[in-house]
Amino acid sequence: MQRIAGLLIEPVGCLAEFPCAPFQEIARRLLGRRGKFSASGSGCYWHLLKLVDEFSPQPLAEALEIEAVNAASLYEDTVPALAELKAMGIHLSIASSLSDAATTRFLEKHSLGDFFTSVWNRNNSGGVKAVPLVRALSDASLQPENVVFLTDTVEGIKVARAAGVHPILMMNDPDEARRLAMHNPAGGVVSLHEIPDFIRLIAAQNKRG
Amino acid sequence: MKKVSIYKPSTVDEAIQILSQHGTSAAVYAGGTDLLIRLKNRLEQAPSYLVDIKKIDHLRYIKEDAQGGVEIGAATKLAELADSRLLQERYPMLVEAINKISSPELRNASTLGGDLLQEVWCQYLRGGYSCWRNGGYLCYGAIGDNSYYHSAMGGRLCYAVYPGDAATALIPFDARAKLATPQGVKELSIEQLVPGDLMVDGRIQSHVVRFNEILTSVVIPAPKPGVRASFEKLRPRGVWDFAMASLAISLQLRDKTIDDARVVFGGIAGRPWRETAVETFLKGKTLSAELGEQAHSVALVNAAPLKYNATKIDMAKGLLASGLARLNA
């Protein structure tokens, strides 16, 4: 892996634990899908993204997403890890399929806005899944091979590959992570606080040649 | 097994020169009970150049120093430590720990330096998985079977436990390690020598020794008056295995009053885990039958077990109670 210059982050499952119910409700109302997709909020969210290319009607999805944001609990190492990454000079961008309103609410609620150079969501990027990642890359003139995308789902791994960036697994649930490891992510971390060490290790390995 | 070249330097300076020349693709070879197995297991991280230090003079000895302590050459065999009358008299707890390392056959080959600086024995690393220590970017132990050889006290990329017993047993004696480096001799406490998973020369390793440095000796200060010490180890099998949990404890006593304490757990974290909260708790207390139960409640409160290894914490706490009971007997 080459030097890591940037980190693209989907808040759902990478910065905070989101509830499942609002995403299931979106699926139920928009697609008539019933049943639980996954035990995790992130699993439900990505499963929903797998089913749809666009959220419409927007107001309904937005309202439920904001409900999810309001119920999300930030991981305890999110703030220290972001602060350390920013201090290391790593480019940090939100690249999310959430709505503009939901990402804004999430960043405001947890006072995270200052950590990110840019925030790309489905409204300002014009799409979901890989679209916000591609916009974030081009906006910051980052080479995809120097960028990682954090994810804890198979869909996330596929989306990262589609955008040409390295998928890094957030191993939130060991059993799920064991399954996901078979999809050949570029790496995996148990916790966000390991990302700075990850980046330092890559840098040291490249320096060593 | 990959092709390797072996150098046989006759001095430490020569060995350092060779190590400097080959960078991280070279490694010190003494007992070989860790290094050769990594080569045999075809690990990507295994070195291509072995610097055999067995023929270097003054690396294999046990001698009393001028301050009443003992200095042990890093290439001294574990069996020689176990048989040493000097160590048996001065530091019986250390000898007890050494006798619980591996098997008699392996103690005849393994060296003190090798035990201190050995690679972790995570089954995923040793099985050739592409993990943090073997050219990859993921800890399989964190998400796989972590019942035996993984940390219950958190981790930093790699979650394997530090496997050595000698370090755990040396810390209560405030032992120090001497390293030969291109810049001269460097001296560190054992805690500084093996601080757990960290990046050194672009690699994840448990110790701070750089690619061109050699551990040459360990110095144990003279035993303090009134010190009683104990080492206990729980293994998946009764013999010949790494610790599920171990405890090295020393108490400096004035009658039954504890003036000072050292409490170090092994087999539960990426480094020998010095439990200062228990040490502080013990200071000033009277050694009694009830103390173990009380110390139990303040021990390892920051434990962060993985999915299958919470039992390590119970074991470690049990060892603390039994260790204190043993010292009270």
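1. Helices (H or I, at least four residues) and strands (E, at least two) are taken here as DSSP runs, numbered from the N terminus. By that rule A:L150 sits in strand β6 of chain A, which covers residues 147-151. The structure is a predicted model, in which local features need pLDDT of at least 70, side-chain atom pairs count only at pLDDT 80 or more, and totals for chains, interfaces and linings use all residues. Residues are numbered from 1 along each chain as its sequence is written, while chains are lettered from A and ligands numbered from 1 in the order in which they are written.

2. On confidence, the predictor assigns the complex an ipTM of 0.88 and a pTM of 0.92. For chain B the average pLDDT (the predictor's confidence in each residue, from 0 to 100) is 96, and 100% of the residues score at least 70.

3. Chain A contains 11 helices and 8 strands, and its C-alpha trace spans about 55 × 35 × 30 Å along the principal axes. The radius of gyration is taken over C-alpha atoms, and the globule rule is 2.2 Å times the number of residues to the power 0.38. For 209 residues a compact globule would have a value near 17 Å, and the 16 Å of chain A agrees with this. A residue is called buried if 20 or more other C-beta atoms lie within 10 Å of its own, exposed if 12 or fewer, and partly exposed in between, with C-beta atoms placed from the backbone; buried residues make up 48% of the 209 residues in chain A. Two residues are in contact if their C-beta atoms, placed from the backbone, lie within 7 Å, and among the contacts in chain A between residues at least 6 apart in sequence, 62% join residues at least 24 apart.

4. Chain A is divided into domain 1 (6-16 + 75-208) and domain 2 (18-71), with bounds that come from an automatic or database domain assignment. The C-alpha centres of these two domains of chain A lie 20 Å apart, and the contact between them takes 19 residues from domain 1 and 17 residues from domain 2. On the side of domain 1 that touches domain 2, α1 (11-14), α6 (100-109) and α9 (154-163) of chain A each supply at least two residues, and α6(A) gives the most, with 5 residues. By class, this side of domain 1 has 7 nonpolar, 5 polar and 7 charged residues, where Ala, Val, Leu, Ile, Met, Phe, Trp, Tyr, Cys and Pro count as nonpolar, Asp, Glu, Lys and Arg as charged, and the others, Gly among them, as polar.

5. Leaving aside residues up to four places away in sequence, A:L150 touches A:L7, A:I9, A:E10, A:C14, A:I168 and A:M170. The C-alpha atoms of A:L150 and A:Q2, which are 148 residues apart along the chain, are separated by 16 Å.

6. Chain B has 14 helices and 14 strands, and its C-alpha trace spans about 60 × 50 × 35 Å along the principal axes. With 329 residues, a compact globule would have a radius of gyration near 20 Å, and the 19 Å of chain B agrees. Of the 329 residues of chain B, 50% count as buried, and residues 24 or more positions apart account for 65% of its contacts with a separation of 6 or more.

7. In helix α13 of chain B (residues 291-298), B:L291, B:G292 and B:A295 are buried. Seen down the axis of α13(B), the buried residues fall within an arc of 95 degrees, so they line one face of the helix; the arc is that of the directions from the helix axis to the C-beta atoms. These buried residues of α13(B) pack against α12 (276-282) and α14 (310-328) of chain B.

8. Two loop residues of chain B deserve a look for their backbone angles. B:D201, in the loop between β8 (198-200) and β9 (203-205) of chain B, has a positive phi near 55 degrees although it is a residue other than glycine, and with 15 C-beta neighbours inside 10 Å it counts as partly exposed. B:D255, in the loop between β12 (245-254) and β13 (257-266) of chain B, likewise has a positive phi near 55 degrees, and B:D255 is exposed, with 7 other C-beta atoms within 10 Å.

9. Where the chains meet, the contact takes 19 residues from chain A and 14 residues from chain B. The elements of chain A that give two or more residues to its side of this contact are α10 (174-181), β8 (187-189) and α11 (195-208), and the largest share, 8 residues, comes from α11(A).
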